[in-house]
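The sequence and the structure come first, followed by an account in running text.

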Amino acid sequence: MTKCHRTTTHGVADVLRDDIVERIRPEVEPPTAPVRPIIMETPRVLIRPAPQYEPPLRVDDVALATLPRPVPRQRPPAPPPATRQALSTATTEARRFAIATVTLVLEVLDRRRTVAQLEPHVTRGLLDQLTILSRSTAPASSASLRRVHIQMGGPGAAEVFGSFERGGRVLAFAARIEQLPCRVRTPPEKRKRTLLPRLVEYRWQLVDFTIA
C-alpha cells in the first residue's frame, strides 16, 4: 500500500511541473504561411495646366500689331514764287475792294447813297437784304469806317472783319467776299471779234454782311 501512494504522488508532481514549464515557455508559433512582401503604393497625382493670368489675345490686338507704323507727318512744301505772288496780288485787290464796298454799304445804310450804287458790287440776294435794312432804319448820325482786316481763304475768297464808329459807339462787322463770274459789256474794240454783246469776267463780290 505504501508503494502505490508514492507512485501517485510522483505522478501529480510531474503533471504540475509540466504545466508550469508550459506556462513559462515563450509562445512561439511556427510560421504557417510564407511572409508576403510589403508593396508601397505611391499616391496618384493629377496634372492640370496652369491658369492664365493674362487676358487672351483679341483679334483687334493682332490686327493693330500687324498694322504699319504711322509715317511722321511732314510739312507741305512751300508754294512756288509764282503762287505766292498771285496770292499777294489777290490779297491787295481783296483789301482794296473790301474797304471801298464796306464804306459804300455804311453810306447806303445812312441814306447818304442809293441802293442802286451797290448793284455792281454785291450779290442779288444781299442787295435785297440791304434794301430792306436801309428803308427800316434811320440812324441819327453817320458811320465812319475805322479798321478792316482780311483773312484770305484762297486766291478767290476772303473773310473780312473790322469795326466802324457811329454816334460815339464802336460797332463790329463781318463780311465775306468772293470772285464770281459777272457779265460785263464788251468793249468797242472787241465787238468785232465776238458776236456776244457781253462777256463774263470774274470780279470781287460782297456775298455776306453782318453788323454785330
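Residues 24 or more positions apart make up 53% of the chain's contacts with a separation of 6 or more. These contacts belong to a predicted model.

The chain contains four helices and four strands, and their order along the sequence is α-α-α-α-β-β-β-β. Of its 212 residues, 20% count as buried. The accessible surface amounts to about 18200 Å², and carbon and sulfur atoms hold 58% of that surface.

**Confidence**

The mean pLDDT of the chain is 76, with 56% of the residues at 70 or more. Among the elements, helix H2 (residues 59-66) has the lowest mean pLDDT, 50, whereas E2 has the highest, 95. Over residues 1-7 the pLDDT is below 50, and this stretch has zero contacts in the model beyond near neighbours in sequence. Where pLDDT is low, the predicted coordinates should not be read in detail.

**The strands**

Strand E1 pairs with E2 in the antiparallel sense over ten bridges, and a hairpin of two residues connects E1 to E2. Within this pairing, Val-148 has Gly-162 in E2 as its bridge partner. E2 and E3 also run antiparallel, joined by ten bridges. Here Glu-159 stands opposite Arg-176 in E3, and Val-160 has Ala-175 in E3 as its bridge partner. In the hairpin of E2 and E3, two residues lie between the strands, and Gly-167 has a positive phi near 60°.

**The nonpolar core**

The largest nonpolar core holds 29 residues, and the residues with the most contacts inside it are Leu-118, Val-160, Ile-177, Leu-206 and Phe-209. At least two residues of this core come from each of H3, H4, strand E1 (143-154), strand E2 (157-166), strand E3 (169-185) and strand E4 (198-211). H3 provides the largest share, ten residues.

Thr-101 lies in helix H3 and, with a relative accessible area of 3%, is buried. Apart from neighbours within four places in sequence, Thr-101 is in contact with His-121, Val-122 and Leu-206.

How many aromatic pairs does a search of the whole structure find? The search finds one. The ring centres of Phe-173 and Phe-209 are 5.9 Å apart and the ring planes meet at 25°, so the pair is stacked. This pair links distant parts of the chain, since Phe-173 is in strand E3 and Phe-209 is in strand E4, 36 residues apart. Phe-173 and Phe-209 are both buried.

Arg-111 is located in the loop between helix H3 (81-109) and H4. Its phi is near 65°, a positive value in a residue other than glycine. Most residues other than glycine have a negative phi.

Pro-120 also has its place in the loop between H3 and H4. Is Pro-120 buried or exposed? Pro-120 is exposed, because its relative accessible area of 53% is over the 50% limit. Pro-120 and Arg-203 are 83 residues apart in sequence, with their C-alpha atoms 9.6 Å apart in space.

Leu-133 belongs to helix H4 (residues 124-136). With a relative accessibility of 36%, Leu-133 counts as partly exposed, because this value lies between 20% and 50%. Leu-133 and Leu-109 are 24 residues apart along the chain, and their C-alpha atoms are separated by 7.1 Å.

The table sets out the two C-alpha separations described above.

| Residue pair | Separation in sequence | C-alpha distance |
|---|---|---|
| Leu-133 and Leu-109 | 24 residues | 7.1 Å |
| Pro-120 and Arg-203 | 83 residues | 9.6 Å |

Conventions: Residues are numbered from 1 along each chain as its sequence is written. This is a predicted model: local features need pLDDT of at least 70, side-chain atom pairs count only at pLDDT 80 or more; totals for chains, interfaces and linings use all residues. Side-chain values use heavy atoms; hydrogens and water are left out. Buried means under 20% relative accessible area, exposed over 50%, partly exposed in between (1.4 Å probe, protein chains only). Contact means heavy atoms within 4.5 Å. Accessible areas come from the Shrake-Rupley method with a 1.4 Å probe; for residues, only the protein chains shown count as cover. A nonpolar core is a set of buried Ala, Val, Leu, Ile, Met, Phe, Trp, Tyr and Cys residues joined through side-chain atoms within 4.5 Å. Rings of Phe, Tyr and Trp (its six-membered ring) pair if their centres lie within 6.5 Å; planes under 30 degrees apart count as stacked, over 60 as edge-to-face and the rest as tilted. Two strands pair if DSSP finds at least two bridges between them. pLDDT is the predictor's confidence in each residue, from 0 to 100.
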